[in-house]
Amino acid sequence: MFAHVEHYAGDPILGLMEKYNQDTRENKVNLGIGIYYDDNGKLPVLPSVQQAETQIFNPIKPRPYLPMDGLVGYRTACQHLLFGKGAQVLADKRVATIATLGGSGALKVGADFIHTWFKDAKCYVSKPTWGNHISIFEGAGFEVAEYPYYDAATNGVKFDEMVACFKQLNANDVVLLHPCCHNPTGIDLTPAQWDIVLDIVKEKQLIAFMDIAYQGFGEDMDADVYAIRKAVELELSFFVSNSFSKNLSLYGERVGGLSVVCPTADEAKLVQGQLQFTVRRIYSSPPSHGGHVVDIVMNDDALFTQWVGEVYEMRDRIRDMRQKLRDVLEQKIQGRSFEYITTQKGMFSFTGLSPEQVARLQSEFAIYMVSNGRMCVAGLNNSNIDYVANAMATVLAD
């Protein structure tokens, strides 16, 4: 019956994890999958989350279905983080927000919505981008193309080419943007560059879809959403997908959100209804446990303040690893600057390693990263940083 079904080769990043798990070498290092590990190489449970868990289980309560669009406190938390607690756009009730199955679920619901109501729209993603961006939008029926972004020669952004590309797009075309901590490069636009890009989005009547999975890991909670709040200031209508997987260390709970900024409160009601309908015909309602954890942490003033501090501790540890990696590489390879490693932001670094060099790191040193040279900096710690840096210096020098 199923002989005609095509073979699925597997996801390259998750497949890399399987290969890593099968490696029996004691000195192996996982720099592939985008997960934050602490300095002991462990996935942390944040103290603020532990306190929320205690509240949930004391006493143990019934687990009814949540509303299709999630808990009210959860949705409010998404809005306050993205747009600011006192934002006029929220007071005007112009933002439709739903809880989703992680950031991926937010992208899926948003892509389905746009394809339903803007059937001729095409989707444009940065070159490169997170691979699932392409898969999700193609799965929703979009024709997906790339816009220029990463400049390998400068380890920067091909900004002029990016701008020129945007100016050639058609009204209602979707441009998928990374407000902070670009995945996979770690290279972000400056506020001045965002101003230019968003002016073009407005002029060309493009649909901006901003995917923010790492709020707090770049600069800080507010600076990381500069592009989002600037888009509101320009009176754009746009989409935002956000995730709590990284900044709450709740990967398996699938806690994300989708927000749509609309021109009026009446249109926001229409959009909210259609988002609920989209959820109903896919998975009916979002997860309960993770939703309650987010609701408690985000809406308790003391826990929220504690959580922000915990996020900044994770951010600062990643920065420290970037600096140590750069220091060793510049010491080992005289006359070459590795400044780009410390100017990149967030969990990822585009190392500049070739696929051949990445393969050599894996075969000779048991160091695993994605073949395009993307490294998850959060996999580095004080126990393995020298080993990784020396191995990288070896393959770069040959």
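Student: At what angle do helix α2 and helix α12 pack?

Tutor: Two packed helices are described by the angle between their axes and the distance between the axes. Here, helix α2 (residues 47-56) and helix α12 (residues 301-332) pack at about 145°, and their axes are 8 Å apart. Axes are lines fitted to C-alpha atoms, for helices over the stretch in contact, and angles run from 0 to 180 degrees between N-to-C directions. Helices (H or I, at least four residues) and strands (E, at least two) are DSSP runs numbered from the N terminus.

Student: Which residues make the contact?

Tutor: From α2 come Pro47, Ser48, Gln51 and Gln55. From α12 come Leu303, Gln306, Trp307 and Glu310. Contact means heavy atoms within 4.5 Å. The residues of this contact divide into three nonpolar, four polar and one charged. Ala, Val, Leu, Ile, Met, Phe, Trp, Tyr, Cys and Pro count as nonpolar; Asp, Glu, Lys and Arg count as charged; the others, Gly among them, are polar.

Student: What should I know about the model itself?

Tutor: This is a predicted model: local features need pLDDT of at least 70, side-chain atom pairs count only at pLDDT 80 or more, and totals for chains, interfaces and linings use all residues. Residues are numbered from 1 along each chain as its sequence is written, and side-chain values use heavy atoms, with hydrogens and water left out.

Student: Is Tyr251 buried or exposed?

Tutor: Tyr251 is buried, because its relative accessible area is 16%. Buried means under 20% relative accessible area, exposed over 50%, and partly exposed in between (1.4 Å probe, protein chains only). Find Tyr251 in the loop between β9 (238-243) and β10 (255-261).

Student: What does Tyr251 contact?

Tutor: Leave aside its neighbours within four places in sequence. Tyr251 then touches Gly34, Ile35, Tyr36, Leu43, Ser245 and Lys246.

Student: Where are Glu219 and Arg319 in the chain?

Tutor: Glu219 and Arg319 form a salt bridge, with their closest N and O atoms 3.6 Å apart. This pair links distant parts of the chain, 100 residues apart: Glu219 is in the loop between β8 (207-212) and α9 (226-233), and Arg319 is in helix α12. Glu219 is partly exposed, at 35%. Arg319 is partly exposed too, at 36%.

Student: How do Asp222 and Arg229 meet?

Tutor: In a salt bridge, at 3.1 Å from N to O. Salt bridges that share partners also join Glu219, Arg315, Asp316, Arg319 and Lys345 into one network.

Student: Which residues of α15 are buried?

Tutor: An α-helix has 3.6 residues a turn, so residues three or four places apart point the same way. In α15 (residues 385-397), the buried residues are Ile385, Val388, Ala389, Ala391, Met392, Ala393, Val395 and Leu396. Their cover includes β1 (29-30), α12, α14 (355-365), β12 (367-368) and β13 (374-376).

Key:
Salt bridge = Lys/Arg side-chain N within 4 Å of Asp/Glu carboxyl O.
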